[in-house]
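Look at the structure first, then read the points by topic.

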Amino acid sequence: MRYALYFTPPAHDPLTLAAAQWLGRSAYSGEAMEPPEICNLGLHEIAYHTALPRRCGFHATLKAPFRLAPEITEQMLLRHLMRFAGAHDPFELPPLEVARLGNYFGLVPALPCERMRFLACAVVQEFDAFRAPLSEGELERADPGDLSAPQFSNLHRWGNPYVMEEYRFHMTLTGPMTAAEMPRFETALRAHFNPYLLRPLEIANIALFVENEPGAPFHVHSLHPMGRVSARKIA
């Protein structure tokens, strides 16, 4: 079993529902969703190019999937996550936009957000003691051979190349595709998601995702609200 610390909006947030429809699966219920009917894209094309993010569920990574260290239990992780989330205040992320991320698409903030990077770095550091070290096989799979020196160092120190100064908030929407395929998908993604991207995104929880066995889809185990309980009640 592997665990991951992610951000994802609440189950009934309009963006969550739009993403579940696009990806073809809800990370909350695990139910399959009918892909949207989009001009110039076939349903089989959408299903094919969303296979990878569909398994992972709609999310932005804070701490990448990890196995628990031998001395750590799920209850210990949950208790610490509850305390950690409560010690960090919610905040707003600038509105998201559809963007090309190399050879795939995702949602990224229209403007940089230092508070988001600070939170992600804090999660990586705080929960590193909870993860088992990567095996040699996992290290090899995580290193495609073109990592920069800081990314290579991050992989061996934190178990993920793209943390600390290398961290970029993104919510993946497709797997890799060819340059020829990208224009049609970009048009389709903007048409489907832009109505849900008009406002800042509230970062108000940390989500625990679980992969029950290798290759199984990740699902939302629990959401952990950020901020003190008293402050949330007042708000």
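Two strands count as paired if DSSP finds at least two bridges between them. By that rule, strand E5 and strand E6 (residues 171–172) are paired, with two bridges in the antiparallel sense. The model described here is predicted.

**Strand E5 and its partners**
- Strand E5 (residues 104–109) is largely enclosed by the rest of the structure, because five of its six residues are buried.
- Strand E4 (residues 96–101) runs antiparallel to E5 and is joined to E5 by six bridges.
- One of the residues bridged between these strands is Arg100, whose partner in E5 is Phe105.
- E4 and E5 make a hairpin with two residues between them, and Gly102 in the turn has a positive phi of about 70°.
- Towards E6, Gly106 has Thr172 as its bridge partner.

**Helix H4**
- Helix H4 (residues 74–86) contains 13 residues and reaches 18 Å from its first C-alpha to its last, close to the 18 Å expected.
- The buried residues in H4 are Leu77, Leu78, His80, Leu81, Phe84 and Ala85.
- The cover over these buried residues includes strands E1 (2–7), E2 (60–66), E8 (205–211) and E9 (219–225), along with helix H5 (114–126).

**Glu211 in strand E8**
- Glu211 is part of strand E8.
- Glu211 counts as buried because its relative accessibility is 4%, and the cut-off for buried is under 20%.
- The side chains of Glu211 and Arg2 are joined by a polar contact of 2.6 Å.
- A polar atom of the Glu211 side chain lies 3.4 Å from the backbone nitrogen of Gly215.
- Leaving aside residues up to four places away in sequence, Glu211 touches several residues, among them Met1, Arg55 and Phe218.

Technical notes. Residues are numbered from 1 along each chain as its sequence is written. This is a predicted model: local features need pLDDT of at least 70, side-chain atom pairs count only at pLDDT 80 or more; totals for chains, interfaces and linings use all residues. Side-chain values use heavy atoms; hydrogens and water are left out. Helices (H or I, at least four residues) and strands (E, at least two) are DSSP runs, numbered from the N terminus. The expected span of a helix is 1.5 Å times one less than its number of residues. Buried means under 20% relative accessible area, exposed over 50%, partly exposed in between (1.4 Å probe, protein chains only). Contact means heavy atoms within 4.5 Å. A polar contact is a pair of N or O atoms within 3.5 Å; within protein, one must be able to donate a hydrogen and the other to accept it, and residues adjacent in sequence count only if both atoms are side-chain atoms.
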